[in-house]
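Have a look at the sequence and the structure first.

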Amino acid sequence: MKIVEVRHPLIQHKLGLMRRAGISTKEFRELASEVASLLTYEATKDLETVEQRIDGWAGPLTVHQIKGKKVTIVPILRAGLGMLPGVLDMIPAAKVSVVGLQRNEETLEPIAYYEKLTGRMDERIALIVDPMLATAGTLVATVDMLKAAGCKRIKGLFLVAAPQGLKRIEAAHPDVEIYTASIDERLNEHGYILPGLGDAGDKIFGTK
Ligand code: URA
């Protein structure tokens, strides 16, 4: 399985700022978006391009354009919305496919309560965005949903990932590629990543 911990200095610096206690909503939100942009740059490095002839200012020339139906961004409600602006900054024309999942209190398994995917999922690369890859229950369910819709190429972008979650997604969907700013130490007994960021959704939306 492809798991990339993107140890670029800008990403490490920004993630370090995000880990400070008492960070404001504004700053956390801005940094989440900036790190999302940088992860997008890394995760799209291998997109295929095709040559195209165009009329340039000094005459005809050949340029490279991204091939095919391109990308759909898949933010997982609610916290994934905090990364969406940063990904859209890099891929402004991308279609957005929003999914919402919640835990069934009896089975503890995530079930979808919202799913609005764009068309031709079979021709697109899906970029799932969610700040925290903790147990990976939500991620596995999202990938199940995308594959059921015909999606063949799926990448996930996370600010922070836990080793347990990475193991679980690898077991369930080894073909998915993971890009994260940090692989942290572990999950605590409440399912929070340590050292982590705390509750990313609350920090992005200013709730508590
Ligand atoms: N979700 C969060 O917001 N934080 C964690 O540490 C784990 C899941």
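G198 sits in the loop between β13 (193-194) and α6 (200-205); helices (H or I, at least four residues) and strands (E, at least two) are DSSP runs, numbered from the N terminus. Bear in mind that this is a predicted model: local features need pLDDT of at least 70, side-chain atom pairs count only at pLDDT 80 or more, and totals for chains, interfaces and linings use all residues. Residues are numbered from 1 along each chain as its sequence is written.

An unreviewed UniProt entry annotates I193, G198, D199 and A200 as "binding site". UniProt positions use the numbering given here, feature names are shortened, and annotations may be inferred rather than shown by experiment. Here's how two of those residues compare on burial. A residue is buried if 20 or more other C-beta atoms lie within 10 Å of its own, exposed if 12 or fewer, and partly exposed in between, with C-beta atoms placed from the backbone.

| Residue | Class | Other C-beta atoms within 10 Å |
|---|---|---|
| G198 | partly exposed | 16 atoms |
| A200 | buried | 26 atoms |

A200 belongs to helix α6. Skipping its neighbours within four places in sequence, A200 is in contact (C-beta atoms, placed from the backbone, within 7 Å) with A79, G82, P131, M132 and L159.

Now for the ligand. Which residues surround the ligand? They are A79, M132, A134, G191, Y192, I193, G196, D199, A200 and G201, going by a C-beta atom, placed from the backbone, within 6 Å of the molecule. By class, that shell has six nonpolar, three polar and one charged residues. Ala, Val, Leu, Ile, Met, Phe, Trp, Tyr, Cys and Pro count as nonpolar, Asp, Glu, Lys and Arg as charged, and the others, Gly among them, as polar.

Over to strand β2 (residues 49-56): is it buried or in the open? Of its eight residues, the number buried is zero, so β2 lies largely in the open. β2 runs antiparallel to strand β3 (residues 59-66), joined by eight bridges; strands pair if DSSP finds at least two bridges between them. The hairpin from β2 to β3 goes through two residues, and T49 stands opposite I66 in β3.

Zooming out, the chain has six helices and 13 strands. Of its 208 residues, 36% count as buried. The C-alpha trace spans about 65 × 35 × 30 Å along its principal axes. The unreviewed UniProt entry also has "domain: Phosphoribosyltransferase" covering residues 7-207, a span that is 32% helix and 32% strand.

Note on methods:
Two residues are in contact if their C-beta atoms, placed from the backbone, lie within 7 Å.
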